[in-house]
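Please look through the structure shown here before reading on. The paragraphs that follow lead through its charged side chains, its surface and the confidence of the prediction.

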Amino acid sequence: MIVDHGFNATLTAKPGMGDELVDLLLTGLDEGNPGASEHCVVYLVCRSASDPDVISITEGWTSEEDHHRLFAGEAAQAIVARIAGMLAKESEYTDHVPVRGEATF
């Protein structure tokens, strides 16, 4: 699959809530959630080595339309609603399209 649309988001959790935020973001990979869709080809959750409350998520999608369609769905919006109460400040987004790379887990 080709990644045609992607982004990176940096989320800063309220103090001490980094673990909970990571756990919630990882539910995005559960069956029925957007990260489990065939249209989501990259879903990577990371955290800062120096601040455990700073979390980043990188997503790559087959198209911007697929991302918007799945993100507008009930499953994604339920996750977003829960995230809002965990954040210390507004999330920062950077759009991108991967050129080449590798991820092996």
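How many salt bridges does the count come to? The count comes to 3 salt bridges, where a salt bridge is a side-chain nitrogen of Lys or Arg within 4 Å of a carboxyl oxygen of Asp or Glu. This is a predicted model, in which local features need pLDDT of at least 70 and side-chain atom pairs count only at pLDDT 80 or more, while totals for chains, interfaces and linings use all residues. Residues are numbered from 1 along each chain as its sequence is written, and side-chain values use heavy atoms, with hydrogens and water left out.

One of these bridges joins the side chains of D19 and R47, with 2.9 Å from N to O. This pair links distant parts of the chain, since D19 belongs to helix α1 and R47 to strand β2 (residues 40–47), 28 residues apart; helices (H or I, at least four residues) and strands (E, at least two) are DSSP runs, numbered from the N terminus. R47 is partly exposed, because its relative accessible area is 36%, and the classes are buried for under 20%, exposed for over 50% and partly exposed in between, with a 1.4 Å probe and protein chains only.

A further bridge brings together the side chains of D66 and R69, at 3.0 Å from N to O. Because D66 and R69 are 3 residues apart in helix α2, about one helical turn separates them. D66 counts as buried, because its relative accessibility is 14%, whereas R69, with a relative accessible area of 48%, is partly exposed. The side chains of E92 and K89 also meet in a salt bridge, at 3.5 Å from N to O; E92 is partly exposed at 46% relative accessibility, and K89 is partly exposed at 44%.

In the loop between α3 (74–84) and β4 lies G85, which is partly exposed because its relative accessible area is 42%. Between the C-alpha atoms of G85 and P98, which are 13 residues apart along the chain, the separation is 31 Å.

As for confidence, the mean pLDDT of the protein is 92, and 96% of its residues reach 70 or more, pLDDT being the predictor's confidence in each residue, from 0 to 100. Where pLDDT is low, predicted coordinates should not be read in detail.
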